[in-house]
Amino acid sequence: ILARYLLMLSFNNCLDVARHLPYLFHSITLLVCTGPLSLRASLHGLVINIIHSLCTCTKPSFSEETRRVLNLSLDEFSLPKFYLLFGISKVKSAAVTAFRSSYRHGPGERSWHNVERSFSGSAASDRERLSLTSL
């Protein structure tokens with residue numbers, strides 16, 4: 001939930017990304033490739049939004065070369081081949097996946113198994129193996 005909250009706040013630079021960049025990347029580094037698919041997709045979206053905010057912000061001002069690298073990074077991270085770095089290579093749209101709930105049950109169907117799955121992540125089929133070099 002907090003990752004989705006950061007994802008929404010990072011859109012349109014509502015987080016003041018430049019000021020909080022070390023904290024944001026620390027959080028991303030701790031959580032990358034962990035948890036349910038929706039969390040991994042949210043982290044991917046957060047990175048995209050951070051780079052986009054840095055490309056469009058006026059303070060701090062970056063050199064032309066730095067802006068070029070940021071724009072290139074934004075283009076690259078938007079490609080599906082970079083989804084592997086976040087453990088979401090099997091999804092068609094990371095943006096849609098980020099807001100899909102991993103907690104699914106019918107009305108009145110609350111069991112400890114469902115509650116445990118909602119906190120620990122989703123089913124084993126949801127997880128991807130990630131090579132150490134990709135990580």
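I take buried to mean under 20% relative accessible area, exposed over 50%, and partly exposed in between, with a 1.4 Å probe and protein chains only. The model is predicted, so I note that local features need pLDDT of at least 70 and side-chain atom pairs count only at pLDDT 80 or more, whereas totals for chains, interfaces and linings use all residues. Residues are numbered from 1 along each chain as its sequence is written, and side-chain values use heavy atoms, with hydrogens and water left out.

**Entry 1: charged side chains.** I searched the whole structure for salt bridges (a side-chain nitrogen of Lys or Arg within 4 Å of a carboxyl oxygen of Asp or Glu) and found 1. Arg68 bridges to Glu65, with the closest N and O atoms 2.9 Å apart. Both residues belong to helix H4, residues 64-77, and lie 3 residues apart, about one turn of the helix. I take helices (H or I, at least four residues) as DSSP runs, numbered from the N terminus. Glu65 is partly exposed at 44%, and Arg68 is partly exposed at 46%.

**Entry 2: aromatic rings.** I then looked up aromatic pairs and found 2. Rings of Phe, Tyr and Trp (its six-membered ring) pair if their centres lie within 6.5 Å; planes under 30 degrees apart count as stacked, over 60 as edge-to-face and the rest as tilted. The ring centres of Phe77 and Phe82 are 5.6 Å apart and the planes stand at 50 degrees, so I recorded this pair as tilted. For Phe77 and Phe86 the centres are 6.2 Å apart and the planes stand at 70 degrees, so that pair is edge-to-face. Phe82 is buried at 19% relative accessible area, and Phe86 is buried at 5%.

Technical notes:
Helices (H or I, at least four residues) and strands (E, at least two) are DSSP runs, numbered from the N terminus.
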